[in-house]
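Biologist: Can you walk me through this complex? Keep it quick, please.

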Amino acid sequence: MIQTQWALIQRELWEHRAILIVPIVILLIEALGSLVGQVTVSTAHQTVDIALLSAANLSETQRAGAINLIMVAVSILFVMAMGVLTIFYALDSLYAERKDKSILFWRSMPVTDAETVVSKLATTVIVIPVVTFIAIIATQLIVLIISSVWVAAEGANAWQLIWTAVPFVDNWSSIFILLLALAIWMSPFIGWFLFVSAFTKRSPFLMAFLPFIVVPMLERIFFGTWLFGQMLLNRVPFNVPIFGGIGDPETMFDDDSEFLALLESGVSLLSLIDVPGFLADPDVWLGMIVCGLLSFAAIYVRRFRDES
Amino acid sequence: MSSLVSASGVSKTYGSVRAVDNVSFEIEKGRITGLIGPNGAGKTTLLKAVLGLTDFEGELSVLGLDPFRQRKELMQNICFIADVAVLPRWIRVRQLLDFVEAIHPRFTRKRAEELLGETKIPSGAKVRELSKGMVTQLHLSIITAVDATLLVLDEPTLGLDIIFRKEFYRNLLNDYFDEERTILITTHQVEEIENLLSDVMFINDGRIVLDAAMDTLPERYVELMAAGEAAEKARQMNPIFEREVFGKRVLTFEDVERTDLEELGELRTPDIADLFVAKVKGAAA
């Protein structure tokens, strides 16, 4: 069972090499960016000057805050890439094999349709977040090494100023939890994409996104309500119920947001993460149920559809 | 239980088209059965039912399993090559071996590598870089290295040139086939497989019109080449089909004593292609 899943997931990575290549490219870009001296992150409208870390007159709190900002800033591009990769991967995963006619070859192997679909679900919900996590850690380390060289060149003690100041365990565990929480929070969409990918005869992208526009419109016209649209708007990545309700998610990354203020105060990232609250949220479980049902539908379609 | 495949009243309908219509047959171990039929006769549909790739009505048991419900177990003991089941173009030869090795309990990687060593296929190449003939060689090498009981081939040599086709069947017989293994094959190029077959099934309009062992054909079928009055006389004996070759009449008979025909002209056993035309066209006439 495990060996089969392992082989199937490896197969997914062979076919969809972007899952590994995109994070590596981002890593290189960010390393290069930090080499130039700063990490620029458009969404956060923040420019964090690494030279800041060497300033001897920074207080402990200010330094911790600056480090927090750098760590988060490094992660944001990866998290966005994770979203895009997941969408493209999921939509392609059960469509490409039908388009290139290899599905009958895959089905000639002793693997059930359920095992196949589960491997694709696992790739989106586990593999892509884990790869993203590893890439984020590697990038953070590279950025910190470059900063250290910078700081050392300024004549300061990089070890003391940076390496003992970064709360690695705190930082990494919070990022890991956040990535998995995001994948689980967005999983109903993943299930939907898998289903469309298994079902559609053409243009999976269009088939997947068109209903998001058409269904709310029809609902508005015929019922005068706005429930589906509201549901969609509610389930965006920023709404992931993991932060225990700090600040307003919509303004989380505005310049004057509470969230940024919190980060700058050098707060422990892990202290912002509320796992019990996440698990107690009925919306989280509802999402997982929807994802499960749609994945079941994808298995059913792959099993019963006769391509001829 | 010596029947490997046992079908009883198997039907499959697509919309209003009855692709396979109440078909019953048995395939025994160690046989090479040719399933012959025109385009759209239901060959591929029937094979798909056998392989568990489509659901159907009726009863079908393959290696004692229900193919549609137990596809995974079945696929451990069945291999198939079809022109519609192409290898994924993005995969590398090495990756393909890695994958099958991890997935398939009856696959011997060493054997596959030996077989591939006899070809010009580089292990680092992607499938898209190989010629169509090489892709078929690759597929056959992998399948030969699987210790499977039943091999199903659906137009395996379609689109290949004659050298690859000959080599394909030579490898099939030399490397793959033994008395423990069974092959079910369809192809348009009947002449090429005629000598390999131990059994033959004709299918037309979703129905089986002939199901016989090859060595019983000479007893049951005979072709008479005759002219003039002799031909006229032979026509009274209910031939199933008649055609004209070089101004002479060629009449095909079913279950007629050869001694009754000998004096009328030259006798011979029809080859598969002629017999097929006789059975299908004769039934239509």
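Modeller: Let's begin with the domains of chain B. The assignment, which is automatic or taken from a database, gives domain 1 (3-205) and domain 2 (216-284). The model is predicted, so local features need pLDDT of at least 70 and side-chain atom pairs count only at pLDDT 80 or more, while totals for chains, interfaces and linings use all residues. Residues are numbered from 1 along each chain as its sequence is written, chains are lettered from A and ligands numbered from 1 in the order in which they are written.

Biologist: What separates the centres of domain 1 and domain 2 of chain B?

Modeller: The distance is 34 Å, with the centres taken over C-alpha atoms.

Biologist: And how many residues are in contact between them?

Modeller: Seven residues of domain 1 of chain B are in contact with six residues of domain 2 of chain B. Contact means that the C-beta atoms of two residues, placed from the backbone, lie within 7 Å.

Biologist: Which elements give two or more residues to the domain 1 side?

Modeller: They are α7 (190-193) and β8 (199-204) of chain B. The largest share, three residues, comes from β8(B). Helices (H or I, at least four residues) and strands (E, at least two) are DSSP runs, numbered from the N terminus.

Biologist: What classes of residue are on that side of domain 1?

Modeller: Four are nonpolar, one is polar and two are charged. Nonpolar covers Ala, Val, Leu, Ile, Met, Phe, Trp, Tyr, Cys and Pro; charged covers Asp, Glu, Lys and Arg; the others, Gly among them, count as polar.

Biologist: Zoom out. What does chain B have in helices and strands?

Modeller: Chain B has 11 helices and 13 strands. Its C-alpha trace spans about 70 × 40 × 35 Å along the principal axes. Of its 285 residues, 42% are buried. A residue is buried if 20 or more other C-beta atoms lie within 10 Å of its own, exposed if 12 or fewer, and partly exposed in between, with C-beta atoms placed from the backbone.

Biologist: Now the open sheet in chain B. What is the strand order?

Modeller: The order is β2-β1-β4, three strands with antiparallel pairing. Strands pair if DSSP finds at least two bridges between them.

Biologist: Why is one side of β2(B) and of β4(B) left without a neighbour in the sheet?

Modeller: β2 (17-28) and β4 (57-62) of chain B stand at the edges, and each has a single partner strand, so one side of each has no neighbour there. On average, neighbouring strands are turned by 15° against each other, direction ignored.

Biologist: How many bridges join β1(B) and β2(B)?

Modeller: Eight bridges, in the antiparallel sense, with β1 covering residues 3-14. Ser3(B) stands opposite Glu28(B) in β2(B).

Biologist: Which helix packs on the sheet?

Modeller: Helix α1 (residues 43-51) of chain B does, touching β1, β2 and β4 of chain B. Its direction makes about 60° with that of β2(B). Axes are lines fitted to C-alpha atoms, for helices over the stretch in contact, and angles run from 0 to 180 degrees between N-to-C directions.

Biologist: What ipTM does the predictor give the complex?

Modeller: The ipTM is 0.85, and the pTM is 0.87.

Biologist: Where is confidence lowest in chain A?

Modeller: In strand β1 (residues 38-41) of chain A, at a mean pLDDT of 42. pLDDT is the predictor's confidence in each residue, from 0 to 100. Helix α9 (residues 187-199) of chain A is highest, at 96. Over residues 38-51 of chain A pLDDT stays under 50. The average for chain A is 84, and for chain B it is 88.

Biologist: Last one. Why does Ile142(A) count as partly exposed?

Modeller: Because Ile142(A) has 17 other C-beta atoms within 10 Å. Ile142(A) lies in helix α6 (residues 113-153) of chain A. Its C-alpha atom is separated by 9.6 Å from that of Leu28(A), 114 residues apart along the chain.
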